[in-house]
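Subject: Structure for your review

Dear colleague,

Please find below the structure that I am handing over to you. My notes on what was found in it follow directly after.

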Amino acid sequence: MRYLSCPFFSILRVSVTLWLIHAMSNRRFNWYKYAAPANFYPLAGKMIPWFTSITIILFAVGLYVGLFVAPTDFQQGEAYRIIFIHVPAAWMGMFLYVLMAIYAGIGWAFNARLASMMATAISTTGAIFTFISLVTGSLWGRPAWGVWWVWDARMTSTLILFFLYVGFISLQASIDDPRRADRAGAVLALVGLINVPIIYFSVQWWNTLHQGATITAKSFKMAPSMLAAMLILLAACWMYSIAVVLARVRYIIQEREREAPWLAAEAVT
Amino acid sequence: MFGWLVRRDLILAWRRRADVLATFFFFVLVVSLFPLGIGPERELLRSIAPGVVWVAALLASMLSLGRLFGNDYQDGSLEQIMLTPQPHYLLVLAKILSHWVISEVPLVIVAPLLGVQFGLSQNTLGVIAFSLLLGTPVLSLIGAIGAALTLGLRAANVLVALLVLPLYIPVLIFGAGAVSASVEGLSPQPYLLLLGATLVLSLVFAPWATSAALRISVE
């Protein structure tokens with residue numbers, strides 16, 4: 001564990017450990033048990049149907065509220081309704097990057113295989129959400145601004161976020177040894193995490209200095225039903241992510257632990 | 001050990017001058033291609049010059065990243081260097097420093113000459129050189145992380161581009177911003193200060209991340 005020798009990581013490690021001890025002493029629940037793939041695999045299998053059904057219900061309710069209950073915007077007409085998918089997707093893209101970096105960091109620092117697998121599983125979902133937010137953003141930009149793409153700070157930094165995901169995924173894909181892939185991905189994700197705020201602010205300054213007045217995306221007031229639809233759909237996206245990530249983790253476990261006897265027993269039952 | 005490593009890398013580079021010159025001429029060539037592609041209008045060239053020079057510097061420094069650890073990794077000397085009892089931070093910093101001297105300093109020197117091709121004023125030429133002087137070490141520092149992560153991988157060269165270019169964006173914005181400000185007759189100082197801040201920040205973090213990545217890759 002020589003790579004943990006630098007002070008930054010030792011402080012991080014001590015504080016995370018203290019926090020974990022504190023959290024575990026409060027509850028009578030053995031968290032460590034589910035850090036083992038053999039125990040997590042069946043648990044994830046049981047959880048997936050629940051999250052899938054919650055996802056379907058939330059999507060149905062959210063889309064109903066968003067498409068039929070929410071009023072038409074007097075400035076943008078019906079076209080504004082694309083925000084009900086655009087905004088949750090953009091938020092998910094950002095949250096999932098942070099989550100991915102945290103999981104990758106935990107997997108690296110504590111040598112926790114499952115956490116690294118979670119990071120790998122999250123990366124694809126995060127990239128998809130970021131891509132959706134880019135596509136819907138440009139579809140929305142056409143009626144609202146008259147152009148498909150503007151070099152607006154938010155759009156540009158989302159594009160860069162997408163590139164960061166692509167870098168993470170392709171780095172992991174080109175390393176054959178899973179342990180090295182996990183760790184290399186962790187370094188890249190953490191470096192990216194430090195860089196995200198710097199990139200965001202630099203793009204914002206670049207934008208304001210080059211373009212003059214920028215178009216503000218949130219120039220209209222929100223009716224409560226609009227907000228409700230957006231939040232319900234955000235919850236739906238969360239539930240979808242959990243379900244899909246759990247399913248992906250199960251596939252990753254199947255791939256990496258194919259020699260393990262417990263997996264064969266699991267497949268029979 | 002620090003001085004020894006720098007000296008060794010410089011001698012090695014001197015014996016393989018062709019590699020170093022290739023990067024240098026790549027930079028010159030790319031910058032000279034833009035007027036051919038866009039047309040010789042003086043005003044247009046003057047306004048795109050900052051971006052062109054900086055993007056070319058980014059690409060040139062990215063091309064040379066394979067050399068940073070690649071040769072040492074292949075002949076096994078990287079492993080020996082890592083086994084010495086010196087702090088890895090300093091060893092990595094020495095490698096990055098010599099890489100900067102070999103591949104980036106020539107670009108800093110030649111960039112003002114290329115600026116003349118674009119009809120920039122004397123004042124702006126100074127800003128180009130100074131912004132590159134502050135910004136190119138950041139490119140080497142950040143690039144080293146990518147180079148260390150992709151050591152010995154199949155498509156390492158293409159992969160490095162994917163990993164490193166998004167992280168270069170702040171440097172590009174600040175560097176090209178400084179030159180643009182100077183072209184428009186404004187003070188480039190805020191951009192140069194931001195570049196300096198980026199340099200300090202990456203000087204603290206990048207060698208750590210690089211040595212962590214090296215240990216993962218060499219293991």
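Leaving aside residues up to four places away in sequence, Met118(A) touches Tyr103(A), Val245(A) and Val249(A). Please keep in mind that this is a predicted model. Met118(A) also stands out in the largest nonpolar core, which has 137 residues: together with Val187(A), Val53(B) and Ala213(B), Met118(A) touches the most other members. The largest share of this core is 17 residues, and they come from helix α8 of chain B, residues 156-183. As general background, nonpolar side chains in soluble globular proteins tend to be buried together.

Chain A as a whole

Chain A has eight helices and zero strands. Its pattern along the sequence is therefore written α-α-α-α-α-α-α-α. Of its 269 residues, 36% are buried.

Helix α3(A) packs against helix α7 of chain A (residues 224-256) at an angle of about 45°, and the two axes are 9 Å apart. That angle makes α3(A) oblique to α7(A). The crossing of these two helices is right-handed. On the side of α3(A), the residues in the contact are Ile83(A), Phe84(A), Ile85(A), Val87(A), Pro88(A), Ala89(A), Trp91(A), Met92(A) and Leu96(A). On the side of α7(A), they are Ala229(A), Met230(A), Leu233(A), Leu234(A), Cys237(A) and Ser241(A). By class, the contact of α3(A) with α7(A) has 14 nonpolar residues, one polar residue and no charged ones.

A loop residue with a positive phi

Most residues other than glycine have a negative phi. Asn111(A) is not a glycine, yet it has a positive phi of about 55°. Asn111(A) lies in the loop between α3 (83-109) and α4 (113-145) of chain A. Is Asn111(A) buried or partly exposed? Asn111(A) has 14 other C-beta atoms within 10 Å, so it is partly exposed.

Gln172(A) is in helix α5 of chain A. Gln172(A) is buried, because 21 other C-beta atoms lie within 10 Å and the cut-off for a buried residue is 20 or more. Which residues does Gln172(A) touch, not counting those up to four places away in sequence? They are Thr120(A), Ala181(A) and Gly185(A). Thr120(A) is 52 residues from Gln172(A) in sequence, while their C-alpha atoms are 8.0 Å apart in space.

Val166(A) is also found in helix α5 of chain A. With 17 other C-beta atoms within 10 Å, Val166(A) is partly exposed. Val166(A) touches Ala127(A) and, in the other chain, Leu162(B), again not counting residues up to four places away in sequence. Val166(A) and Ala127(A) are 39 residues apart in sequence and 7.2 Å apart in space, C-alpha to C-alpha.

Where the chains meet

The contact between the chains involves 26 residues of chain A and 22 residues of chain B. On the side of chain A, the elements that give two or more residues are α5 (153-173) and α6 (178-211). Helix α6(A) gives the most to this side, with 14 residues. By class, the side of chain A that touches chain B has 18 nonpolar, five polar and three charged residues.

Two helix pairs in chain B

Helix α6 (residues 88-117) and helix α9 (residues 189-218) of chain B have axes that come within 9 Å and cross at roughly 100°. This makes α6(B) roughly perpendicular to α9(B). In this pair, His88(B), Tyr89(B), Val92(B), Leu93(B) and Ile96(B) of α6(B) meet Pro207(B), Trp208(B), Thr210(B), Ser211(B) and Leu214(B) of α9(B). The contact of α6(B) with α9(B) has seven nonpolar, three polar and no charged residues.

Helix α3 (residues 42-63) and helix α7 (residues 122-149) of chain B pack at an angle of about 35°, with their axes 10 Å apart. The crossing of α3(B) and α7(B) is right-handed. Val53(B) is one of the residues of α3(B) in this contact, and Val53(B) is also among the core residues that touch the most other members. The residues of the contact of α3(B) with α7(B) divide into seven nonpolar, four polar and no charged.

Yours sincerely,
A colleague

Note on methods:
Residues numbered from 1 in each chain as written. Chains lettered and ligands numbered in written order. Predicted model: local features only at pLDDT ≥ 70, side-chain atom pairs only at ≥ 80, totals over all residues. Core = buried A, V, L, I, M, F, W, Y, C linked by C-beta atoms within 7 Å. Buried ≥ 20, exposed ≤ 12 C-beta atoms within 10 Å, placed from the backbone. Helix = DSSP H or I, 4+ residues; strand = E, 2+ residues; numbered from the N terminus. Contact = placed C-beta atoms within 7 Å. Axes fitted to C-alpha atoms, helices over the stretch in contact; angles between N-to-C directions. Parallel < 35°, antiparallel > 145°, perpendicular 65-115°, else oblique. Nonpolar A, V, L, I, M, F, W, Y, C, P; charged D, E, K, R; others polar. Left-handed = near helix turned anticlockwise from the far one by under 90°.
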